[in-house]
Amino acid sequence: LVGCWLLLKSSYNTNHQQPTSNPVMDILIEEQEGSIWVAALSQGRLEGLEIDPVDEPVRWGSIFRARVESIDKAMDAAYLRLDGQNTGILFNADVRLKKGKEFVKGGEKPIGKVLQPGQMIAVQAKSIYPGQTPEYARFESKLPRMSMDIALAGRYLIHCPLMAGNRLSQRIRGKKLRGQIETMMRALDDIEGCILRSSAAHTQTEMLLREGRILKAAWEEIIPLMQGSEPALIMQGPDAIQRTLSDQAGAQIERIEITTMDHFTLAEEWCTVFAPDLVTKINPVELPDAVEDLALFYHRDIMDKIGGLFQDYVLLPGGGNMVLQQTAALFAIDINRGADKRSNLAINMEAAAELTRHLRLRNIGGAIMVDFIRFQDKKEEKSVLKALDDAIQNDPCTVQIHGMTPMGLLEISRKRRTPPLASRTKGVF
């Protein structure tokens with residue numbers, strides 16, 4: 001489908017720049033034994049890390065023409081044959097049914113009343129590690145979770161063909177920002193079915209129109225491929241390069257550093273379609289040991305930073321510390337004073353920013369419990385929760401703050417797209 005998008009390229013002002021108030025970011029693209037590693041750095045600080053294993057059977061975001069193999073009444077779910085080798089699971093809540101001119105969410109009827117074995121349907125991989133999703137944690141299935149609610153992601157928009165009208169992402173909470181993007185949304189009168197991301201505020205309306213038309217054309221090319229009697233992969237989901245560039249759309253990207261021509265081509269193709277202003281930022285880097293795995297990461301001295309993500313103990317800048325531990329049921333984070341002599345509030349505020357970064361980099365999902373240092377009063381608690389809420393806006397995955405338990409622990413949940421970092425780096429650390 002990249003070929004289709006390339007044919008739809010339109011004129012673009014190459015002087016377009018992201019606002020300088022946004023964080024300055026460098027993107028580093030490398031590989032390790034065929035797997036793609038992409039890191040996002042801001043002033044030397046690791047802010048993003050995406051890895052695609054070379055042998056990943058189903059990539060997040062991939063679209064399939066699938067066959068219903070069987071119905072599980074107890075789980076109210078259907079097992080799907082995705083292609084010649086892979087199987088997925090479709091829960092009733094992820095079914096989409098056409099009612100009149102609109103598509104509605106499943107769940108009113110048992111899935112066995114809606115889908116039958118042998119039926120062909122189009123689905124998309126929404127999570128390739130569904131066991132971590134809180135609402136389905138009681139099920140043992142580790143199959144990729146599929147959905148009939150297909151979406152195509154760009155840089156500023158997410159095109160949802162089954163959705164009527166346009167809307168803002170639920171992740172945009174700021175009243176001023178929502179008002180600004182709503183004004184831009186009203187100008188998108190010739191496209192619909194789009195969700196505007198927060199990064200849309202940093203671009204021009206004509207760029208949104210251009211991207212919307214590209215995504216709509218891509219969807220129209222997909223539609224005929226949904227017809228057929230055999231399961232098959234229709235479109236591969238976004239790779240680590242595409243995910244990173246899309247996730248960092250709100251940042252001011254200064255350089256995209258690459259050591260191999262294959263990665264240069266992948267980055268250039270995506271940027272040509274969705275981020276023409278970044279094409280000139282792609283820089284092939286010549287290193288004496290460029291053929292070595294992760295040579296660029298070693299050259300930029302970030303391997304130790306990545307290795308630190310596998311430690312249970314994290315030292316905070318002010319002298320406090322965090323202890324992070326995965327249990328069978330949840331992920332626990334304990335904030336401690338350590339050598340920090342500052343107030344409880346100062347340490348907790350610092351920890352709020354740091355723990356959200358580690359959730360993002362380690363790709364932690366499911367139920368998360370945080371034990372902050374004791375709040376002196378409700379005002380302090382509100383200040384820390386506000387800081388935490390601001391920090392999670394940088395997370396590309398859905399993070400929800402559920403509040404304090406009677407024992408004073410903070411409950412958080414995070415729905416990740418891909419498996420945790422530890423499972424993607426086996427044999428490296």
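How many aromatic pairs does the structure hold? I found three aromatic pairs, where rings of Phe, Tyr and Trp (its six-membered ring) pair if their centres lie within 6.5 Å.

I noted that this is a predicted model, in which local features need pLDDT of at least 70 and side-chain atom pairs count only at pLDDT 80 or more, while totals for chains, interfaces and linings use all residues. Residues are numbered from 1 along each chain as its sequence is written, and side-chain values use heavy atoms, with hydrogens and water left out.

**Entry on rings.** I looked up Trp270 and Phe274, whose ring centres are 5.4 Å apart with 40° between the planes, a tilted pair. Planes under 30 degrees apart count as stacked, over 60 as edge-to-face and the rest as tilted. Because Trp270 and Phe274 are four residues apart in helix H5 (residues 261-274), about one helical turn separates them. Helices are DSSP runs of H or I with at least four residues, numbered from the N terminus. Trp270 and Phe274 are buried, that is, under 20% relative accessible area with a 1.4 Å probe, protein chains only.

I then turned to Phe372 and Phe375, which form a tilted pair, with centres 5.9 Å apart and planes at 40°. Both of these residues, Phe372 and Phe375, are buried.

**Entry on a charge.** I saw that Arg417 lies over the face of Trp60, 5.0 Å from the ring centre. A charge sits over a ring if NZ of Lys or CZ of Arg is within 6 Å of the ring centre and within 35 degrees of the ring normal.

Technical notes. Helices (H or I, at least four residues) and strands (E, at least two) are DSSP runs, numbered from the N terminus. Buried means under 20% relative accessible area, exposed over 50%, partly exposed in between (1.4 Å probe, protein chains only).
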